[in-house]
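Open the model in your viewer and keep the selection panel at hand. This tour says what to select next and what is there.

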Amino acid sequence: MKLNNRYRYRCLLVGKNDRPTREAVSWLLKAFANDRANRGMNLFVDCNSME
């Protein structure tokens, strides 16, 4: 989808809400934030438990 002349993407990750999964997602967020190619981009995470 494009809004305000910017593309928006949605990525859904499904998995267990356990420590290894949270650590992997945390690593992914940090790697995204530290990559200069992602400058000016925002990444949001919403953790919902279905248990």
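Start with a term: patches are made of residues with over 30% relative accessible area and no salt bridge, with like charges joined within 9 Å and nonpolar side chains (Val, Leu, Ile, Met, Phe, Trp, Tyr) joined within 5 Å. A salt bridge is a side-chain nitrogen of Lys or Arg within 4 Å of a carboxyl oxygen of Asp or Glu. Accessible areas come from the Shrake-Rupley method with a 1.4 Å probe, and for residues only the protein chains shown count as cover.

The model is predicted: local features need pLDDT of at least 70, side-chain atom pairs count only at pLDDT 80 or more, and totals for chains, interfaces and linings use all residues. Residues are numbered from 1 along each chain as its sequence is written, and side-chain values use heavy atoms, without hydrogens and water.

Select L13, W27 and L28. They make a nonpolar surface patch of about 370 Å².

Stay on W27. It sits in helix α1, residues 19-34 (helices are DSSP runs of H or I, at least four residues; strands are runs of E, at least two; both are numbered from the N terminus). W27 counts as exposed because its relative accessibility is 60% (exposed is over 50%, buried under 20%, partly exposed in between).

Next, select N38, in the segment after α1. Is N38 buried or exposed? At 16% relative accessibility, N38 counts as buried. Its side chain reaches the backbone oxygen of F32 at 3.0 Å.

Now show the whole chain. From the N terminus, its elements run β-β-α. Its C-alpha trace spans about 40 × 25 × 10 Å along the principal axes. Of its 51 residues, 2% count as buried.

Key. Buried means under 20% relative accessible area, exposed over 50%, partly exposed in between (1.4 Å probe, protein chains only). A polar contact is a pair of N or O atoms within 3.5 Å; within protein, one must be able to donate a hydrogen and the other to accept it, and residues adjacent in sequence count only if both atoms are side-chain atoms.
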